[in-house]
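Biologist: Hi! I'm new to this one, could you walk me through it?
Modeller: Happy to, let's bring it up.
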Amino acid sequence: MAPTLNIIGCGQVGKVLGRLWTEHGTFQVQDVLNRSSESATHAIEFLGAGRATPGWDDLHPADVFLIGTPDDQVEPTCARLAESGLLRPGDVVFHCSGALPSTALASAKTRGAATASVHPIRSFAGADAVARAFVGTYCGMEGDAAALGVLGPAFSAIGARLVTIDPRFKTIYHSAAVFSSNYLVSLLDVAVEAYAKAGVPRDEALRLMEPLVRGTVDNVFRLGTTEALTGPIARGDVATVLRQYRALSGWDKRIGALYKRLGKFTAAIAARKRRQN
Ligand SMILES: NC(=O)c1ccc[n+]([C@@H]2O[C@H](COP(=O)([O-])OP(=O)(O)OC[C@H]3O[C@@H](n4cnc5c(N)ncnc54)[C@H](OP(=O)(O)O)[C@@H]3O)[C@@H](O)[C@H]2O)c1
């Protein structure tokens, strides 16, 4: 018999994982508890398993608990679970947040449960499509060995690629996604503004940038961040860099400061590249 799984907070992430584990027979989804019972009913329809539970009093004990609430509800929900008397020594309690460490589940540990966090590194917009495309998703995991001993194979069974992360640096781990995704967008926005300043309409600027950006990103994944660096700083063309810095500072001080700050990081990459070649 597959271990039983209760999902407290079954939204985008809970639905995808619950459906995949049901399809693979990894866990037997038992109780689903959301804020509203309508939402829990929709969730179990999506999972194709389990029971929509109207409230805490109707939950059964389970081998594994997924707390899939929004991040700000993980700790209070876990505290409520710990107080419920449902947890038995050796049960596994985990969350899927990238922002919170597994220590957010400390209250469950006081009841003898093993705790962990397994964070799928992808967007879950559109649960149906994500469930079909989940194979190959990287997941950052940390927590008790006993919990990871259950969750690691369960995530692997549905095609996850697991990486172990240092719980002390969970917030820094999470910020890496901000750099690689959100700040990339911010940088490209600055580039659009710079083209616009020089008279290129913004929509045309985006089209003009596309081959440059795609080529750079391809090179990063083909060659790595050191070898992919090109341009005036990589060539050691100090005169061009200074001219650009002065022109930018004269136009917009904040953008000038950004150019200078990024230039320092870029110079460090250029030095690394010279050392390697
Ligand atoms: N979305 C992503 O792209 C993504 C990616 C990686 C990791 N994560 C992480 O996965 C976790 C879940 O995110 P999500 O996007 O799946 O959230 P979500 O779609 O907003 O769903 C959250 C669910 O939790 C329920 N809920 C909220 N407060 C609750 C409470 N106090 N008790 C019981 N149920 C409660 C909600 O119920 P109602 O439906 O009744 O409101 C909802 O079904 C978070 O830790 C998030 O950081 C999300």
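Biologist: How are α10 and α11 oriented to each other, roughly parallel or roughly antiparallel?
Modeller: In this predicted model, α10 and α11 are roughly antiparallel, a label for angles over 145 degrees. Helix α10 (residues 238–251) packs against helix α11 (residues 253–276) at about 150 degrees, their axes 6 Å apart. Axes are lines fitted to C-alpha atoms over the stretch in contact, and helices are DSSP runs (H or I, at least four residues).
Biologist: Which residues of α10 make the contact?
Modeller: V241, Q244, Y245, L248, S249 and W251 do, meeting K253, I255, G256, Y259 and K260 of α11. Contact means heavy atoms within 4.5 Å.
Biologist: New topic: which residues touch the most other members in the largest nonpolar core?
Modeller: That core has 37 residues, and L5, W21, V32, F94, F134, L151 and F155 touch the most other members. A nonpolar core joins buried (under 20% relative accessible area, 1.4 Å probe, protein chains only) Ala, Val, Leu, Ile, Met, Phe, Trp, Tyr and Cys residues through side-chain atoms within 4.5 Å.
Biologist: And what about Q73, where does it lie?
Modeller: Q73 sits in the loop between β4 (64–67) and α3 (74–84); strands are E runs of at least two residues. Q73 and G9 are 64 residues apart in sequence, yet 9.2 Å apart in space, C-alpha to C-alpha.

Definitions and conventions:
Residues are numbered from 1 along each chain as its sequence is written. This is a predicted model: local features need pLDDT of at least 70, side-chain atom pairs count only at pLDDT 80 or more; totals for chains, interfaces and linings use all residues. Side-chain values use heavy atoms; hydrogens and water are left out. Buried means under 20% relative accessible area, exposed over 50%, partly exposed in between (1.4 Å probe, protein chains only). Axes are lines fitted to C-alpha atoms, for helices over the stretch in contact, and angles run from 0 to 180 degrees between N-to-C directions. Angles under 35 degrees count as roughly parallel, over 145 as roughly antiparallel, 65 to 115 as roughly perpendicular and the rest as oblique.
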